[in-house]
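When two helices pack together, how is their arrangement described? Two packed helices are described by the angle between their axes and the distance between the axes. Please keep this in mind while looking at the model below.

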Amino acid sequence: MRSYYLPFALAVGGSLLYHLSQRSIPQGANPFYATVIAYAVGAAICIICAQMYPAGKSFVETARGANWAVVGVGVAAMLIELGFLLAYRAGWKVSVAAISVNVAGAAVLIPLGVLMFKEQLSPRNVVGLVFCVAGLVLVTRD
């Protein structure tokens with residue numbers, strides 16, 4: 001049970017810290033430099049944690065086995081960081097930006113998951129998506 005909920009708790013906790021931190025980055029800070037600093041801190045923590053993780057491959061072996069998707073995650077992470085930082089600077093509310101981006105992303109990912117990964121949608125999933133999109137419309141309107 002713990003291994004099922006731990007990743008969820010880590011992601012929720014990380015998301016809370018992420019959005020509160022993003023919203024608090026000084027207005028005058030260069031968004032690209034702020035992102036570089038954030039990733040340097042994240043990289044340092046990952047290097048430390050990698051020493052304690054029971055994985056069978058070293059950094060070099062992992063790098064050799066990496067494919068386009070690892071680069072894609074890096075590019076995507078930078079775009080997410082920059083997008084949220086600029087959204088908050090443009091006046092988006094922290095209570096609205098995260099849910100709006102996540103619901104919009106999920107709405108696009110659902111057909112991609114079905115087409116690319118042969119995932120199945122139940123009627124309940126479709127109804128849930130309709131509620132999410134309706135909620136997105138309600139949340140983003142002033």
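This report looks at a helix crossing and then at a group of aromatic rings.

The model shown here is predicted. In this model, the axes of helix H2, which covers residues 31–50, and helix H4, which covers residues 68–89, come within 10 Å and cross at roughly 130 degrees. Angles from 65 to 115 degrees count as roughly perpendicular and those over 145 as roughly antiparallel, and H2 and H4 are therefore oblique to each other. The crossing of these two helices is right-handed.

| Helix | Residues in the contact |
|---|---|
| H2 (residues 31–50) | Pro31, Phe32, Thr35, Tyr39 |
| H4 (residues 68–89) | Ala77, Met78, Glu81, Leu82, Leu85, Leu86, Arg89 |

A search of the whole structure finds 3 aromatic pairs, and one of them joins Tyr18 and Phe84 in an edge-to-face arrangement, with 5.7 Å from centre to centre and 80 degrees between the planes. Because Tyr18 lies in helix H1 (residues 2–24) and Phe84 in helix H4, the pair ties together parts that are 66 residues apart in sequence.

Is Phe84 buried or exposed? Phe84 has a relative accessible area of 7%, and since buried means under 20%, Phe84 is buried. Together with Tyr18 and Tyr88, Phe84 forms one aromatic cluster.

Notes
Residues numbered from 1 in each chain as written. Predicted model: local features only at pLDDT ≥ 70, side-chain atom pairs only at ≥ 80, totals over all residues. Heavy atoms only, no water. Axes fitted to C-alpha atoms, helices over the stretch in contact; angles between N-to-C directions. Helix = DSSP H or I, 4+ residues; strand = E, 2+ residues; numbered from the N terminus. Parallel < 35°, antiparallel > 145°, perpendicular 65-115°, else oblique. Left-handed = near helix turned anticlockwise from the far one by under 90°. Contact = heavy atoms within 4.5 Å. Phe/Tyr/Trp six-rings, centres within 6.5 Å; stacked < 30°, edge-to-face > 60°. Buried < 20%, exposed > 50% of the residue type's maximum accessible area, 1.4 Å probe, protein only.
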